[in-house]
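Visitor: Could you take me through this model, starting with the terms you rely on?
Guide: Gladly; here it is.

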Amino acid sequence: MAIILGYIDIGLAFIFLYLILQRWLDRNAPVRNWPVIGMVPGLLHNARRMHEFATDCLRQAGWTYNVKGPWLAGMDFVITSDPMNIHYICSRNFGNYPKGREFNEIFEAMGDGIFNADGEMWKVQRKVLHSLIKNENYEAALVRTINRKVENGLFPILNHASELKTTLDLQEGYDPGSLSVGFPPNEYEKAYSEMEEAVFTGKSCRKVVGSCKNGFKLEKRKSFV
């Protein structure tokens with residue numbers, strides 16, 4: 001009995017030392033990496049401001065950041081906004097970074113466009129997109145549209161805020177039609193944000209539950225053996 005208690009004390013001591021070490025290593029980290037559950041609490045807590053949160057993490061980590069999911073859940077991933085990394089992944093060596101079936105299942109709501117495309121389909125869509133962007137008529141139309149929107153949309157908003165001596169958040173304005181005084185709501189933006197949040201939380205929950213089920217089945221098999 002004394003030997004068992006001794007092993008328990010040693011185990012608790014190791015756990016305690018691990019937690020202290022982990023806390024020290026994470027003292028300057030953008031997101032706390034908890035034992036077992038990883039960074040899930042921090043990610044879920046910031047789900048409604050995911051873009052700003054991701055930008056803060058990338059800025060603090062030097063524009064490339066390793067995100068840790070729950071243990072054994074296979075949810076670890078890397079995010080980057082470094083231009084050289086993006087060029088290497090999305091253009092120079094794209095063949096080594098396929099999105100895969102699981103990615104398409106998660107982002108099924110995005111359709112079959114370039115965001116979800118892989119392999120030859122991605123190459124075809126990339127060529128079509130490049131031909132459009134590099135077209136002189138498209139570039140001229142883009143410049144005209146931006147100038148018209150700035151003159152007829154942005155300037156009136158800024159003048160209105162200046163007259164009232166108030167601050168405003170330009171992220172509250174979305175096109176089409178909502179970049180105007182009062183920032184009327186945009187149903188498409190609202191639906192897209194809700195879809196984005198559902199994709200993130202649904203993916204996390206499915207992974208965690210799936211890992212728990214697999215672990216339970218494994219333990220159950222061992223008990224029968």
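Guide: A contact here means heavy atoms within 4.5 Å. With that rule, residues 24 or more positions apart account for 39% of the contacts in the protein chain with a separation of 6 or more.

Visitor: What should I know about the model and its numbering?
Guide: This is a predicted model, in which local features need pLDDT of at least 70, side-chain atom pairs count only at pLDDT 80 or more, and totals for chains, interfaces and linings use all residues. Residues are numbered from 1 along each chain as its sequence is written, and side-chain values use heavy atoms, with hydrogens and water left out.

Visitor: What is the mean pLDDT?
Guide: The mean pLDDT of the protein chain, where pLDDT is the predictor's confidence in each residue from 0 to 100, is 76, and 70% of the residues reach 70 or more. Over residues 215–225 the pLDDT is below 50, and this stretch has zero contacts in the model beyond near neighbours in sequence.

Visitor: OK, and how many helices and strands are there?
Guide: The protein chain has eight helices and two strands, taken as DSSP runs numbered from the N terminus (helices are H or I with at least four residues, strands are E with at least two). From the N terminus on, the order is α-α-α-β-β-α-α-α-α-α.

Visitor: How much of the chain is buried?
Guide: Of the 225 residues, 17% count as buried, where buried means under 20% relative accessible area, exposed over 50% and partly exposed in between, with a 1.4 Å probe and protein chains only. The accessible surface comes to about 17200 Å², of which 63% belongs to carbon and sulfur atoms; such areas come from the Shrake-Rupley method with a 1.4 Å probe, and for residues only the protein chains shown count as cover.

Visitor: Switching to side chains, how many aromatic pairs are there?
Guide: The count comes to two aromatic pairs, where rings of Phe, Tyr and Trp (its six-membered ring) pair if their centres lie within 6.5 Å, and planes under 30 degrees apart count as stacked, over 60 as edge-to-face and the rest as tilted. Tyr88 and Tyr97 form an edge-to-face pair, at 6.2 Å centre to centre with 80° between the planes. Phe94 and Trp122 form a stacked pair, at 3.6 Å centre to centre with 10° between the planes.

Visitor: Where do Phe94 and Trp122 sit?
Guide: Phe94 is in the loop between α4 (83–92) and α5 (100–106), whereas Trp122 is in helix α6, so the pair links distant parts of the chain, 28 residues apart.

Visitor: Last topic, the backbone: which phi does Trp63 have?
Guide: Most residues other than glycine have a negative phi. Trp63, although not a glycine, has a positive phi of about 80°, and its place is in the loop between α3 (50–61) and β1 (64–67). Lys165, also not a glycine, has a positive phi of about 55° and is found in the loop between α7 and α8 (187–224).

Visitor: Is Lys165 buried or exposed?
Guide: Lys165 counts as exposed because its relative accessibility is 75%, while Trp63 counts as partly exposed at 38%.
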